[in-house]
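Dear colleague,

I am passing on the structure we spoke about, and below it you will find notes on what turned up when I went through it. Please read them with the model open beside you.

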Amino acid sequence: MVGFLRKALAVQVRFSLSSSLPLLHPFSSSSEAHSFTVSHLINSYGFSHEQALSASKYTSFKTLEKPDLVFAFFHSHGFSESQILKIVRSNPQLLLSDPQKSLFPKLQFFYSKGASKPEVAKIVATCPNIMKRSLENQIIPYFNFLKDFFQSEETAMACVKRFPRVLVDYPHTCVESNINALQEFGVPKSNVASLLSIHPRALMVKQSHFRKVLEEVKEMGFDPSKKAFSAAVYGLRGMSKTTWERKINVFKSWGWSEEDIRLACLKLPWTMMRSKDKIMAGMDFFVNRMGMRSSIIAHYPILLGLSLEKRIIPRYSIVQILLSKGLIKKDFSLSAVFNSTEQAFLDKFVNVFKEEAPQLLNLYHEMVKSR
């Protein structure tokens, strides 16, 4: 690929010196051009044979003139080879583009909004379809919508960097309707702005479905004026009804009641976003290893989001040693043990017992490091 890149750059230089450069490897028939295209897509861009055949229906070239110029153009703007290949594989039609006329204006737009070359490369590589969209009819209007809502070009650009598909996946009029729906339900504009900025995908859905999600979240007991409401909207919006019900059944299999599930979600809306495996592993440890009643975990749902290997098991092991030596009582605070910062945990359960158990610090670090 390095050799190909050098060749592409060389071709770019030659074309800048002479506009009358003759076509390379001319073919006499469309079948030969098709064969050449398929071969080049496979050998130079890593297409599978099936992908190359499919792409060749819309992209066909007899020379490497345009593909090389496109490749060299992206490279000159700081795109890595892996990023360029990802873009080309997603949109092989770009290989026939005129870089200066159809590609550069879009990059220049993002540059003008304060994005650096590496940031623009990441935006395009994350969402190659941006290069297929109209700058005047879609990208600029969508960006202006975000800028007007946030009242900040910088915040709008931060939203695009975080989720580039916000510019291409859904009509901004639909997103605007969903924003209005949130505010009708009593969600403060600051919370709406946070949701749009951090999780714009939550708003990229048909209005009728979005309003149904809002109704369901409100029925669960979430207060629209609190940030937890927006978090719950994102959680429920981010999974299908089947997946949601499957998560409910996982918790019920551990003895949780409907009220336990509701309590956990109210305390931490992200509870339902945990994977089934993570929920099962956490519940198994707390219930079967520690002997806790499963309903207690509904009061501390954040425990299910902590790392078993790096936090829960090492800290619990230290607590067990302290209990065996009679240095602490059995009614220790779950929050103090598992949810405190690293330094707070060490101060309260390790450093304070240096004389009684001098090996604790090294033992703890070894357990964390080995997992």
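This is a predicted model: local features need pLDDT of at least 70, side-chain atom pairs count only at pLDDT 80 or more; totals for chains, interfaces and linings use all residues.

On the α14 side the meeting residues are K247, V250 and F251, and on the α16 side they are K276, I279 and M280. Sorted by class, the residues of this contact comprise 4 nonpolar and 2 charged, with no polar ones.

A second pair is formed by helix α18 (residues 308-324) and helix α21 (residues 360-370), which pack with their axes 9 Å apart and at an angle of about 155 degrees. That angle lies over 145, and α18 and α21 are therefore roughly antiparallel to each other. The crossing in which α18 passes α21 is right-handed. From α18 the contact draws on K310, P314, R315, S317, I318, I321 and L322, while α21 supplies L360, L363, Y364, M367, V368 and K369. By class, the contact of α18 with α21 has 9 nonpolar residues, 1 polar and 3 charged.

Helix α13 (residues 227-237) is worth a look for another reason: 8 of its 11 residues are buried, so α13 is largely enclosed by the rest of the structure. The buried residues of α13 are F229, S230, A231, A232, V233, G235, L236 and R237.

As for the protein as a whole, it has 21 helices and 0 strands. Its radius of gyration is 28 Å, whereas a compact globule of 371 residues would have one near 21 Å, and its C-alpha atoms fill a box of roughly 90 × 55 × 40 Å along the principal axes. Of the 371 residues, 45% are buried. Among contacts with a separation of 6 or more, 71% are accounted for by residues 24 or more positions apart.

With best wishes

Terms used. Residues are numbered from 1 along each chain as its sequence is written. Side-chain values use heavy atoms; hydrogens and water are left out. Contact means heavy atoms within 4.5 Å. Helices (H or I, at least four residues) and strands (E, at least two) are DSSP runs, numbered from the N terminus. Ala, Val, Leu, Ile, Met, Phe, Trp, Tyr, Cys and Pro count as nonpolar, Asp, Glu, Lys and Arg as charged, and the others, Gly among them, as polar. Axes are lines fitted to C-alpha atoms, for helices over the stretch in contact, and angles run from 0 to 180 degrees between N-to-C directions. Angles under 35 degrees count as roughly parallel, over 145 as roughly antiparallel, 65 to 115 as roughly perpendicular and the rest as oblique. A crossing is left-handed if the near helix is turned anticlockwise from the far one by less than a right angle, and right-handed if clockwise. The radius of gyration is taken over C-alpha atoms; the globule rule is 2.2 Å times the number of residues to the power 0.38. Buried means under 20% relative accessible area, exposed over 50%, partly exposed in between (1.4 Å probe, protein chains only).
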